[in-house]
Amino acid sequence: MVNPDTRVGVLTFNRPDALNAFTNQMLDEVADALKRAERDSKVGALVVTGAGRGFSAGQDLKEHVANGGASTIGDHLRTRYHPIIERLYGMAKPTLAAVNGVAAGAGMSLALACDFRVAGSRTRFVQAFVGVGLVPDSGSTHLLPLLVGPARALEMALTGAPVDAQTALGWGLVNRLVADDAVVGAATAWAGELAAAPPKAVELIKRGMRRGSLRLLQDALEYESWLQATAAATQDHQEGLAAFLEKRPARFTGR
Ligand code: LHQ
């Protein structure tokens, strides 16, 4: 959706009942919407947000199980997640995540791939991967340490503990913290200011600031898919999934 006056495009994840967890269909639609936003000269800046009380809970684990996903996880990341992350991170126009609620797993990675994050007081960031016996993917191994420093990034990844918006602001993970009902409005207003800047200069500034980093992100994405395939082959991953589906704590055994 583009506002022709402000030149701001808004992409809204829309599966609120599942906290906007990503299904294959949704990932295809997101990839397509990003491609269109990138090519559309009427879009000067892009806001990404979620419907309902969440930004995104990452991969839809129910669909992952139904698709027998553990054996194909590397290819799933390469074909569905990586094009989205690379397109967002490499986009010539400013991208803002209006993180209206919880951002977990690959949902958090998508927020990290945006240029800026605007949060509300109920926003939480969760590196949820370890909870299901997996490793950070979709760029989190590169983008998170870059934003918050290696020790905080590792702490988030190893514990899977939620980080609240105030802490995230102090860490530089969030650029602006506003009232919960003002997150999308603040992000779109800021996007409107950014969209009024000269597009060529904006593109070149982003290229300069990102010099070398897109290449490093691409390397990280490839390495993550190998690590993820290895983690997904464990019984602990199966146990993590079963625990999530049965709404109980996981009992990991190291197998
Ligand atoms: C969900 C999900 C979800 C389905 C909440 N799926 N339904 C990439 C490629 C391939 C495979 C694997 O992974 C990856 C990368 C990843 O993203 S791995 C990480 C996947 N995400 C997670 O592990 C997060 C799982 N969710 C949670 O830990 C919690 O839901 C969070 C902390 C996000 C939010 O907690 P609450 O605010 O307490 O909400 P809730 O747990 O009650 O969830 C609300 C509903 O959303 C609930 O459905 P129900 O029918 O019971 O109301 C959940 O089942 C559903 N939901 N996340 N990822």
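The count of salt bridges comes to 14. The model behind this count is predicted.

## Salt bridges

Side chains of opposite charge can pair when their charged atoms come close.

| Pair | Closest N and O atoms |
|---|---|
| Asp40 and Lys42 | 3.4 Å |
| Arg78 and Asp75 | 3.2 Å |
| Arg207 and Glu203 | 3.8 Å |

Take helix 3, residues 73-90. Both Arg78 and Asp75 lie in helix 3. Three residues separate them, about one turn of the helix. Their closest N and O atoms are 3.2 Å apart. Arg78 is partly exposed, because its relative accessibility is 32%. The pair also belongs to a network of salt bridges, in which Asp75 and Arg78 are linked with Glu222.

Helix 9 spans residues 199-209. It holds both Arg207 and Glu203. Here the spacing is four residues, again about one turn of the helix. Glu203 is partly exposed, because its relative accessible area is 22%.

Asp40 pairs with Lys42, with 3.4 Å between the closest N and O atoms. Lys42 has 54% relative accessibility, so it counts as exposed.

## The largest pocket

Rolling a probe the size of a water molecule over the atoms shows where empty space is left. The largest pocket has a volume of about 890 Å³. It is lined by 35 residues. Closest to its centre are Ala57, Gln59, Leu61, Val132 and Phe244.

Which helices each supply at least two residues of this lining? They are helix 2 (61-66), helix 3 and helix 11. By class, the lining of the largest pocket has 19 nonpolar residues, eight polar and eight charged.

Phe244 deserves a separate look. Its place is in helix 11, residues 235-246. Phe244 is among the residues closest to the centre of the largest pocket. It also takes part in a nonpolar surface patch, together with Val65 and Leu245. The patch covers about 250 Å². Is Phe244 buried or partly exposed? Phe244 is partly exposed, because its relative accessible area is 45%. Patch residues need over 30% relative accessible area, so Phe244, at 45%, passes that cut-off.

## The second largest pocket

About 310 Å³ of space lies in the second largest pocket. Its lining has 15 residues. Tyr89, Asp115, Phe116, Met209 and Arg210 are the closest to its centre.

Strand 7 (116-120), helix 5 (140-148) and helix 9 each supply at least two residues of the lining of this second largest pocket. Which element gives the largest share? Helix 9 does, with four residues. Helix 9 is also the helix that holds the Arg207 and Glu203 pair. The lining of the second largest pocket divides into ten nonpolar residues, one polar and four charged.

Arg7 lies between strand 1 (2-3) and strand 2. Ser138 lies between strand 8 (124-126) and helix 5.

Are these residues buried or partly exposed? Arg7 is partly exposed, because its relative accessible area is 25%. Ser138 is buried, because its relative accessible area is 0%.

Pro16 sits in another loop, between strand 2 (8-13) and helix 1 (24-39). Its relative accessible area is 35%, so Pro16 is partly exposed. How far apart are the C-alpha atoms of Pro16 and Gly54? They are separated by 7.0 Å. Along the chain, Pro16 and Gly54 are 38 residues apart.

Key. Residues are numbered from 1 along each chain as its sequence is written. This is a predicted model: local features need pLDDT of at least 70, side-chain atom pairs count only at pLDDT 80 or more; totals for chains, interfaces and linings use all residues. Side-chain values use heavy atoms; hydrogens and water are left out. Patches are made of residues with over 30% relative accessible area and no salt bridge: like charges are joined within 9 Å, nonpolar side chains (Val, Leu, Ile, Met, Phe, Trp, Tyr) within 5 Å. Accessible areas come from the Shrake-Rupley method with a 1.4 Å probe; for residues, only the protein chains shown count as cover. A salt bridge is a side-chain nitrogen of Lys or Arg within 4 Å of a carboxyl oxygen of Asp or Glu. Buried means under 20% relative accessible area, exposed over 50%, partly exposed in between (1.4 Å probe, protein chains only). On a 1 Å grid over the protein atoms alone, a cavity is a set of points where a 1.4 Å probe fits but cannot get out, and a pocket is an open set with protein on both sides within 12 Å along at least five of seven lines; lining residues have an atom within 4 Å of a point. Grid points are joined across faces, edges and corners, and a volume is the space filled by probe spheres set on the points. Ala, Val, Leu, Ile, Met, Phe, Trp, Tyr, Cys and Pro count as nonpolar, Asp, Glu, Lys and Arg as charged, and the others, Gly among them, as polar.
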